[in-house]
Structures are given as C-alpha cells and as structure tokens.
Amino acid sequence: MGQIPLVTLTTDFGTADGYVGTMRGVILNIVPNAQLIDISHQISPQDVRQAAYVLYAAYAFFSPHTVHLVVVDPGVGSVRRSIALCTPVGCFVGPDNGVFSYVMAREPIEELVELTNPRYQLPVVGHTFHGRDVFAPAAAHLAAGVPITAFGPPIDDPITLPSPRLEITPGNAVGEVLHIDHFGNVITSIGLLAWCEEKDILLLDPVFKGIENGKRERLRFEARGATVAAAGREIAGVHRTFAQVECGQVLALVGSSGHLEIAVREGSAIQRLGLQLGDVVSLSV
Amino acid sequence: MGQIPLVTLTTDFGTADGYVGTMRGVILNIVPNAQLIDISHQISPQDVRQAAYVLYAAYAFFSPHTVHLVVVDPGVGSVRRSIALCTPVGCFVGPDNGVFSYVMAREPIEELVELTNPRYQLPVVGHTFHGRDVFAPAAAHLAAGVPITAFGPPIDDPITLPSPRLEITPGNAVGEVLHIDHFGNVITSIGLLAWCEEKDILLLDPVFKGIENGKRERLRFEARGATVAAAGREIAGVHRTFAQVECGQVLALVGSSGHLEIAVREGSAIQRLGLQLGDVVSLSV
Amino acid sequence: MGQIPLVTLTTDFGTADGYVGTMRGVILNIVPNAQLIDISHQISPQDVRQAAYVLYAAYAFFSPHTVHLVVVDPGVGSVRRSIALCTPVGCFVGPDNGVFSYVMAREPIEELVELTNPRYQLPVVGHTFHGRDVFAPAAAHLAAGVPITAFGPPIDDPITLPSPRLEITPGNAVGEVLHIDHFGNVITSIGLLAWCEEKDILLLDPVFKGIENGKRERLRFEARGATVAAAGREIAGVHRTFAQVECGQVLALVGSSGHLEIAVREGSAIQRLGLQLGDVVSLSV
C-alpha cells in the first residue's frame with residue numbers, strides 16, 4: 001500500500017510512569033515505521049465517558065486508515081471483552097465498555113470482532129495491563145494490514161453508554177455538560193450545530209442518534225435571538241467566536257466539535273460559573 | 001528533496017483534550033511522513049509572551065528546514081491576521097500577535113506573508129480553532145514544500161511584543177524575570193551571555209535588539225566579581241554550573257539559553273526567593 | 001541495516017519548557033528518520049532512583065536496537081562521568097549516577113564507555129544542559145550505527161544505587177515501596193513474581209541480584225494463602241487481577257512489571273493507605 005501506518009493513543013495512564021511508552025515500544029516492535037499520535041493520556045482514571053467524548057471530538061480529523069487505540073479499562077482482568085471495529089473513517093481497538101459509543105452513534109460499523117486470537121497478543125498476557133499485552137499488539141497488527149476478521153469472531157452486541165441527555169421540542173433543546181476542557185470551556189451535548197450560509201442562522205442536527213433515547217430532530221433557529229440557560233444564569237445569543245464579546249465576558253458559542261459551548265473570552269467558564277459534568281444546559285430559540 | 005518534513009508544535013492547549021492530537025491528524029493527512037515534535041503545550045492560556053520565550057529557547061536547535069507551528073491565540077476569530085515567515089534557520093506559522101517577536105529579534109526575515117489562500121486551509125474553517133483549521137494545514141503544506149509566497153500576500157508590519165526590560169550602562173545591566181522553568185530556575189532577560197576562552201570572563205551581548213527599546217551594547221566582565229541582585233537579595237558571582245556550589249545554595253549562572261539565571265542547586269529558586277515574572281534583576285560587574 | 005533508529009527519552013524536565021523538544025531537535029539533526037518515544041518526563045526533579053525504576057519497567061518491551069536516553073542529572077557540570085552502555089536488549093545513554101542500576105542488575109553489559117569524544121557532542125558544550133549538548137547527540141549517533149567504542153574509553157566501575165530492600169527468608173519476603181504510579185498503585189521491591197501453570201501458585205524470583213545486598217533466593221508459594229502487610233494493615237491473598245475484588249477494595253496483586261503491588265480496585269491505594277516511598281512491605285507465605 002505504501003501508506004504509513006498510523007495509530008492514535010487515548011488512555012487514562014498519565015505520562016509519568018512509562019506505561020504509554022511501553023505500549024509504543026510494543027507497537028513499534030510490530031510496525032517499526034508507524035506514526036504514533038497521542039490524543040490524550042489524561043482521561044480521568046476509569047472515566048469511560050470522558051474518553052468516549054475526547055475520541056469523538058478528534059477521530060474525524062485523521063486519515064481513514066488510522067487505527068485508534070483506546071485504553072480506559074476499569075474492567076481489566078474481568079470478563080469484559082476486548083474488541084476491534086472498523087468504520088469507513090477509521091478502525092478502533094479497546095475494551096468493550098462503551099468507549100466507542102459516540103463514534104458508533106455517528107459512523108456505520110463495517111466489522112466488529114472480539115480480540116481472541118493469541119497470535120496477535122504478546123506471548124504472555126498478564127491480568128492487569130491489557131493495553132500493553134492485548135490492545136497495543138492488536139492495534140499494531142491492524143495498522144500493519146492484518147484483516148480485522150483475523151483477530152477473532154464477529155460480535156454484534158457491543159456495550160454502549162447511555163446517551164447524553166438531549167431532549168428536543170419545538171423551539172427548545174435540553175442537554176447536559178459533556179466535557180470541560182483545559183481552558184475551562186464547558187462543552188454540552190447539544191450538537192452538531194452548523195452555521196447556514198444565511199447570516200445568523202444555526203442548524204441543530206443532533207448526533208447521538210445511535211444510542212439509547214437518541215433523537216434526530218432538526219432545529220433551525222436564529223442564533224442572535226436564542227437564549228442559553230445554565231447554572232441559574234441566562235446567556236443571550238449564540239456567537240460564532242470569542243472575539244464577538246469583550247474580554248472576561250461569558251458567552252455561548254458553537255465550539256470546534258460542533259457542540260454548543262459556554263465560555264469566557266480569555267478566561268475560564270468553569271471557574272466563573274461552577275458547572276459540573278452532567279449539569280443541565282438548555283437552549284431556547 | 002528526500003528530506004523528512006519536520007514540524008514543531010507549541011501551544012497553550014494542554015494535552016488532556018485531544019486538541020493537539022487533532023492538529024497532528026490534520027498535519028499527517030497532508031504530509032504523512034512528517035516528524036512532529038512537541039516544544040510545549042503547557043504555555044499558560046493566552047500567554048503570548050511565555051510562548052515567545054519558550055520558542056526562542058528551542059528553535060535554534062532544529063534543522064533549518066523545520067516549520068515551527070505556534071498556536072497561542074487569544075484573538076482567534078477576531079481581525080488578527082494569520083501569518084507565516086521564513087528565516088535562514090527555519091519557518092514559523094501562527095497568529096500575528098507577537099509570538100515570533102523574539103525570533104525576529106535574532107533572525108533576519110526572508111519572507112513574511114498573511115495566510116489567506118483557502119487552498120491551504122481545511123475546507124470548512126471554524127471560528128474558534130484556527131490551530132486545526134488554518135495553522136496546522138499551513139504548517140503541513142509549508143513543510144511539504146509549498147513555497148511560502150503561495151499562502152498569501154507579503155506583509156511588512158508584523159505585531160511585535162514590547163522588548164523585555166534590559167538597560168545596560170557601564171558596569172551594570174538591569175533586566176527582568178522572563179521565564180520560570182519546571183525546576184524553579186528563574187531565567188532573566190539578561191542575555192546572551194557567553195564565556196570567553198579566558199577563565200572567568202563573560203561577554204554580555206544582548207539579543208533583543210530588534211524590538212522596541214532594544215539595546216545592543218556589549219559588556220565584558222569578570223564573572224567571579226559580579227553581583228546579581230534580585231528579590232532584595234545579593235548573589236555573589238556568576239557561575240558556570242550548579243556543581244560549583246553546595247546543594248541547596250542559591251546561585252547565579254549562565255543558563256542553557258545563554259541568559260542569566262538564578263537557581264538553587266538541586267532545589268527551586270522560585271520557591272526560595274518568591275520572584276515573579278517581570279520582577280527586576282540586576283547584574284553589577 | 002534498513003532498520004529505523006529508535007530512541008526513548010526519560011527525563012525530569014517536565015514538558016512545559018521546551019527542553020525535551022530541544023533534545024529531540026538535536027537528535028533529529030543527526031538521525032532525521034529516528035522514532036523518538038517518550039518514556040517519562042515527569043520523574044521528580046533529580047530523583048535518580050525513580051528514573052531507574054521507570055526505565056526498568058519499560059525497556060524490555062522495546063526492540064534490542066533501541067537506544068534509551070535518560071537525563072536525570074543532579075550532578076551536571078560536576079566531575080560525574082557521562083556514559084553509554086550496550087546490553088543484548090538495548091543500549092543506554094546518560095549520566096553515571098546509578099540511573100541504569102536496575103537494568104544492569106538484570107542484563108549483562110556488553111560494552112560500557114565514558115562519553116569523551118567531542119566528535120559526538122554539540123560543537124559548544126555548556127555546563128548546565130548535557131541532555132542537549134552531550135547525551136542527545138550521543139544517543140543519536142549510537143542509534144545511527146556509530147559503534148559504542150567510538151564514543152570514549154571503556155570503564156568498568158559504573159556508579160550503582162543501593163539495592164532496594166529485599167530480605168527473603170523461608171516463608172517470608174520483606175521489601176519496600178519502590179514506586180507509586182499515576183493511579184495510586186503502590187509498587188514494591190518484591191519481584192519478579194510469576195504465576196505457575198498450576199492454579200494459585202506464585203514463584204518469587206528477585207531481580208535485584210546485581211546490586212549491593214542483592215539476593216536471588218526463589219520462593220514458591222500459594223497465592224491465596226499469603227498475607228501482605230503494609231502501613232499497619234494486613235491484606236489477605238495475592239490476586240491475579242483487580243476484577244477479583246469489589247470496587248473500592250484494597251488488594252495485593254502481581255503488577256504489570258512482575259512486582260508485588262498494593263492497589264484499590266477503581267481507586268487509589270496511596271490515598272487509602274498513605275504509604276510513602278521506602279516504607280516496608282512484607283509478604284508472608
């Protein structure tokens with residue numbers, strides 16, 4: 001193929017202990033010319049949902065031949081399955097605990113298998129570090145061109161996370177805080193939002209259709225006239241960019257992942273508003 | 001050319017959210033064989049001056065064909081321009097907000113353009129993440145060999161930061177705290193300092209000549225007899241290395257970037273002395 | 001050879017200042033096609049012992065042609081030597097301060113030299129950043145295929161750390177806390193432990209034989225009947241995996257590096273038990 005194998009890594013390992021480096025060593029033993037790209041290693045320990053979001057916001061910007069390796073794995077050593085799946089925009093390897101739910105909500109699954117073939121695992125598989133012993137070798141072999149069907153039998157009942165809250169009624173969307181980023185921006189489950197060509201018109205086209213309770217009703221509204229309510233506060237309008245408000249001002253805007261965000265220009269919304277993951281945010285249009 | 005494209009990344013994104021990974025994905029879609037090197041992603045949010053210093057301390061150790069991508073961008077979505085510039089020792093891509101000031105103070109600019117050509121941006125450019133949509137594609141195409149003049153029109157009025165304080169009079173240099181590193185070493189604007197072949201003789205040859213108020217007066221002095229004053233304390237002599245003092249002792253020395261540093265051997269100067277960015281440091285020779 | 005040069009990096013530099021990026025630039029100037037893998041840059045400042053452990057837990061998962069570069073260097077600028085060594089499973093470059101002790105305890109040394117040849121250093125070597133000026137160039141040239149004997153004269157008296165505490169008597173092993181990882185797992189000096197094919201039988205085969213006071217007595221015991229004592233608490237049994245206990249429960253298990261660990265399922269042992277590095281942990285079988 002001539003194409004350079006590409007593997008991304010998303011874990012809750014942190015970067016202090018060498019666990020990530022060890023996984024990279026294992027991958028490069030199998031595909032020495034791979035490009036290895038960190039998505040994040042600062043997922044909160046065992047926080048499958050956070051990993052699902054961070055992966056969801058990033059995967060679409062990678063080449064379709066990319067293998068996305070995710071190891072956030074509270075169930076290591078239990079009966080939870082190890083899986084790999086391929087979609088038209090990339091393949092994914094990790095534990096069967098729902099971490100790929102948001103990807104599966106948006107992308108059709110071409111193949112989904114359980115990782116059972118010992119040929120694509122380290123010779124001795126321990127009980128505590130499947131990232132090194134099972135998932136890294138699988139991702140490497142998959143990136144090297146081994147067909148996904150070689151890794152184990154197909155399955156059709158992957159674990160999925162509950163859908164993030166998103167209730168859409170005429171003129172109104174009620175969601176929740178899905179993620180808080182490094183800058184203190186508050187990212188909500190109200191997405192995907194896209195600007196129409198027409199000035200000031202936004203289209204809401206929710207993504208989480210594939211998961212439990214998912215809705216797929218479109219909402220078309222004038223951004224300037226909308227109101228966002230969160231943390232007992234009302235924020236007027238949905239903006240295109242930080243620069244539309246003064247420094248230090250709270251605003252609602254369409255963030256880089258196409259979701260409604262609450263932010264403070266050159267400041268931290270989370271410090272200002274004190275929101276938490278799961279708190280309700282609503283958009284009235 | 002056969003040479004491997006090389007792109008460095010300096011941002012204030014942190015590494016928890018996948019923003020950096022996303023930019024890497026965008027770059028590798030354009031130049032799959034690029035080497036991607038992180039300079040830092042822990043610039044304080046929106047701190048253009050800190051980014052300018054961190055880049056300044058690092059760029060000279062990279063090959064001249066390197067593209068240095070910097071995204072510390074408080075003005076994203078405003079009218080601030082996006083720029084690229086090339087010097088004999090490397091090219092630079094980022095917002096026009098002064099982040100390249102310290103590089104421009106030291107290196108001649110061969111070309112400087114505004115990034116306006118949509119061909120070298122993502123198909124849909126959002127309003128909040130130009131690192132992904134504008135700067136990463138530009139850096140990738142530049143690293144891939146696209147001539148800088150293809151990106152947009154030349155400009156000659158880049159924004160520059162105020163020069164760091166540096167007043168040199170006979171026998172005296174007054175500067176400020178420019179950076180505090182991971183070890184708690186305090187790096188000052190008094191540089192470049194170089195040791196002469198002669199034992200104990202230092203040459204001060206200030207770098208920030210290209211920026212407002214910049215001076216370029218040389219100072220030649222005996223290191224052992226000099227005095228550094230900071231935080232109400234006098235430190236005797238400028239040393240070559242930590243090992244010249246006892247563990248735990250405060251010392252002044254010439255740091256790895258050629259600037260005067262205040263440090264504690266196997267300890268943290270910032271914890272001991274309580275200095276802050278911008279505090280005055282003087283060198284009497 | 002056709003093989004892709006591979007260099008790992010382990011430092012106490014953190015990732016905020018660009019020091020690591022600078023070293024990478026220096027390496028890629030010499031071997032532009034090298035794979036550069038971070039093991040850790042979050043070693044506590046000047047903590048040679050922690051670096052020794054982190055390297056020890058990772059190096060064996062890399063290809064034998066890998067060069068492991070370690071820069072935790074409290075003695076920079078002093079008379080401490082700079083060294084490189086090769087073993088059948090990889091080469092190592094760094095300061096002669098004991099940081100390779102745990103590797104040397106497990107692997108035979110084929111060559112060990114002092115880095116004195118200025119040809120493999122930067123043209124100007126400073127006194128404070130040998131990672132950039134001495135170690136990075138040496139690692140790069142070694143990875144590029146320069147024979148280790150070209151770097152300087154052989155030596156046979158490398159500095160070694162005191163052996164971690166490990167006293168084995170019939171039915172009993174007394175060790176200490178060697179490392180605390182990102183999850184709060186407590187890793188002890190009691191290793192290597194390996195599961196026999198027979199159910200529930202563990203074999204203790206201590207590794208630190210090459211260092212002062214090292215023992216190499218094997219201990220074979222029934223894991224379920226063993227007791228681990230630490231922090232005034234007794235923990236019943238040695239488990240294979242977290243999933244064998246309830247969420248939030250303290251357990252002892254064989255960790256991914258083959259050492260006895262104390263952990264909390266989906267929690268932090270260090271928060272729960274308050275252990276510190278060096279605290280005594282014993283295993284009664």
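C:Thr10 is buried, its relative accessible area being 0%. The residue sits in strand 1 of chain C, which covers residues 6-11. Keep in mind as you look around that this is a predicted model.

Which residues does C:Thr10 touch, leaving aside those up to four places away in sequence? The contacts are C:Ile39, C:Ser40, C:Ile43, C:Leu69, C:Val70 and C:Val71.

Now turn to another threonine of chain C. C:Thr128 belongs to the loop that runs between strand 6 (111-114) and helix 4 (130-143) of chain C. Is C:Thr128 buried or exposed? With a relative accessibility of 18%, C:Thr128 counts as buried, because the cut-off for buried is under 20%.

The contacts of C:Thr128 reach into chain B: among them are B:Arg240, B:Thr241, B:Phe242 and B:Leu253. B:Val254, B:Gly255 and B:Ser256 are touched as well, and so is C:Val76 of chain C, again not counting residues up to four places away in sequence.

## Where chain C meets chain B

C:Thr128 leads us to the interface itself. Here 30 residues from chain C make contact with 34 residues from chain B. Between them, the two chains bury about 2,500 Å², with 55% of that area on carbon and sulfur atoms. C:Thr128 stands out here together with C:Asp17 and C:His127: these residues supply 21% of the area that chain C buries against chain B, more than any other three residues.

What about polar links? Across the interface of chain C and chain B there are 0 salt bridges, whereas 17 residue pairs are in polar contact, both partners having pLDDT 80 or more. On the side of chain C that touches chain B, helix 1 (residues 19-30) of chain C provides the largest share, 8 residues. By type, the residues on that side divide into 13 nonpolar, 13 polar and 4 charged.

## Where chain A meets chain C

Chain C also has a partner in chain A. In this interface, 30 residues of chain A are in contact with 34 residues of chain C. The area buried between chain A and chain C is about 2,500 Å², and carbon and sulfur atoms hold 55% of it. Which three residues supply more than any others of the area that chain A buries against chain C? They are A:Asp17, A:His127 and A:Thr128, with 21% of that area.

Between chain A and chain C the salt bridge count is 0, and 16 residue pairs are in polar contact, both at pLDDT 80 or more. Helix 1 (residues 19-30) of chain A gives the largest share of the side that touches chain C, with 8 residues. That side of chain A is made up of 13 nonpolar, 13 polar and 4 charged residues.

## How the copies are arranged

Two copies of a chain are related by a rotation about an axis and a shift along it. The copies use different surfaces, since 3% of the contact residues of chain C recur in chain B.

Definitions and conventions:
Residues are numbered from 1 along each chain as its sequence is written. Chains are lettered from A and ligands numbered from 1 in the order in which they are written. This is a predicted model: local features need pLDDT of at least 70, side-chain atom pairs count only at pLDDT 80 or more; totals for chains, interfaces and linings use all residues. Side-chain values use heavy atoms; hydrogens and water are left out. Contact means heavy atoms within 4.5 Å. Buried area is the accessible area (1.4 Å probe) that two parts lose on being put together, summed over both. A salt bridge is a side-chain nitrogen of Lys or Arg within 4 Å of a carboxyl oxygen of Asp or Glu. A polar contact is a pair of N or O atoms within 3.5 Å; within protein, one must be able to donate a hydrogen and the other to accept it, and residues adjacent in sequence count only if both atoms are side-chain atoms. Helices (H or I, at least four residues) and strands (E, at least two) are DSSP runs, numbered from the N terminus. Ala, Val, Leu, Ile, Met, Phe, Trp, Tyr, Cys and Pro count as nonpolar, Asp, Glu, Lys and Arg as charged, and the others, Gly among them, as polar. Buried means under 20% relative accessible area, exposed over 50%, partly exposed in between (1.4 Å probe, protein chains only).
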